[in-house]
Amino acid sequence: MNSGNFKVDYIIIGLGLAGIAFAEQLQKENKTFIVFENESETASLVAGGVYNPVILKRFTPVWNATEQLKIAVPFYTSLEKKLHIKIHTSFPLKKVFKSIEDQNNWFTASDKPVLSQHMNPKISKEKIEGIIGDYGFGEVYGTGRIDTKKLIVAYRKYLEDKDQIRYENFEYRALEVQKSAVYYKNITSRYIVFSEGCGIANNPFFNHLPLNGVKGELLTIHAPDLHIDFLLKSTLFLLPLGNNYYKAGATFNWKDKTWTASEEGREELIEKLKNVIDVPYTVVKQSAGIRPTVKDRRPLVGTHLKYKNMGVLNGLGTRGVMTAPKMAHELFSHMEYGTELNAEINIKRFL
């Protein structure tokens with residue numbers, strides 16, 4: 001696909017979770033496409049990849065969690081088969097209680113119909129070696145992790161083999177948009193979809209959308225005396241990677257927009273770990289990324305006000321693993337069939 005003039009149904013800009021989900025939707029619908037990926041820092045490459053249907057700060061349900069998981073889990077299972085990789089691990093989550101009040105709030109929340117399917121109403125008082133948990137633990141069901149880095153690396157290779165990806169910066173000035181088609185260099189396409197994460201700031205068609213980058217940093221630690229096979233949520237999360245390795249995170253920094261791991265982030269995570277585990281560990285690695293988040297915590301999905309053949313799929317934030325497959329389906333239906341978008345995700349809400 002790298003020479004001569006050719007036609008496709010879609011051009012996709014960006015190959016994080018949103019781009020992959022949309023590419024999969026197109027293949028399901030027998031649509032042709034090409035992806036432009038500039039290999040800049042992609043939030044999905046450094047994300048923890050955890051999915052969890054409960055907001056544990058307030059014991060409230062994640063927006064549309066049950067509906068999203070019904071689509072997301074089979075989606076990643078099918079990708080494992082297609083790409084011949086293992087990326088999905090399901091495991092329970094244990095929330096560390098910090099007080100009696102914490103316990104009482106848990107009891108109240110787990111009694112609500114929308115949460116009862118995800119929260120065990122019983123409090124576990126077991127002592128877990130290496131974990132500081134004087135007030136016990138609450139267990140959440142339906143949680144797990146997608147290895148997003150492994151997925152993106154494998155999916156890039158998959159598209160390379162099909163000659164459907166170009167590793168280059170997309171030049172917005174070279175894009176010509178008409179009502180019936182879009183033209184970019186030697187490509188004629190019916191539609192174009194932008195899923196470039198924080199790169200949207202440079203996009204002249206959608207840079208008015210209120211997407212903010214939030215820096216998150218993670219530590220990978222090795223703790224030989226810690227043996228847990230569940231996701232632990234305390235003042236930070238502790239994610240088992242196998243062989244006594246764990247991911248610990250994450251920080252939230254609204255000011256620093258660099259992709260460089262910082263000493264400040266490292267110190268913050270080490271300080272928090274003091275209140276979570278009481279066994280020795282070694283920091284093996286530190287990583288950082290910028291999450292594309294929106295002020296109302298809802299994705300950015302929709303089409304350009306003037307050009308209906310120009311779409312955007314962005315702002316998936318910290319829950320991209322859960323939301324990407326569902327949002328890709330919503331955008332495709334909207335662009336192809338004019339299906340009305342949910343007002344909560346439609347970019348028209350920011351007009």
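Predicted model: local features only at pLDDT ≥ 70, side-chain atom pairs only at ≥ 80, totals over all residues.

Reply: Residues are numbered from 1 along each chain as its sequence is written, and side-chain values use heavy atoms, with hydrogens and water left out.

Me: How do you know that E3 and E9 pair?

Reply: Two strands count as paired if DSSP finds at least two bridges between them. Strand E9 (residues 144-146) is joined to E3 by two bridges, so the pair meets that definition. The two run antiparallel, and Tyr 51 is opposite Gly 144 in E9.

Me: Why are E3 and E6 called edge strands?

Reply: The open sheet has the order E3-E9-E6. Strands E3 (50-51) and E6 (88-90) each pair on one side only. A strand here is a DSSP run of E with at least two residues, and a helix is a run of H or I with at least four, both numbered from the N terminus.

Me: What makes E17 mostly covered?

Reply: Buried means under 20% relative accessible area, exposed over 50%, and partly exposed in between (1.4 Å probe, protein chains only). In strand E17 (residues 245-249), four of the five residues are buried.

Me: Which strands pair with E17?

Reply: Strand E14 (residues 211-222) pairs with E17 over five bridges, antiparallel, with Leu 219 partnered by Ala 248. Strand E16 (residues 237-242) also pairs with E17 over five antiparallel bridges, and Pro 240 has Tyr 246 as its partner.
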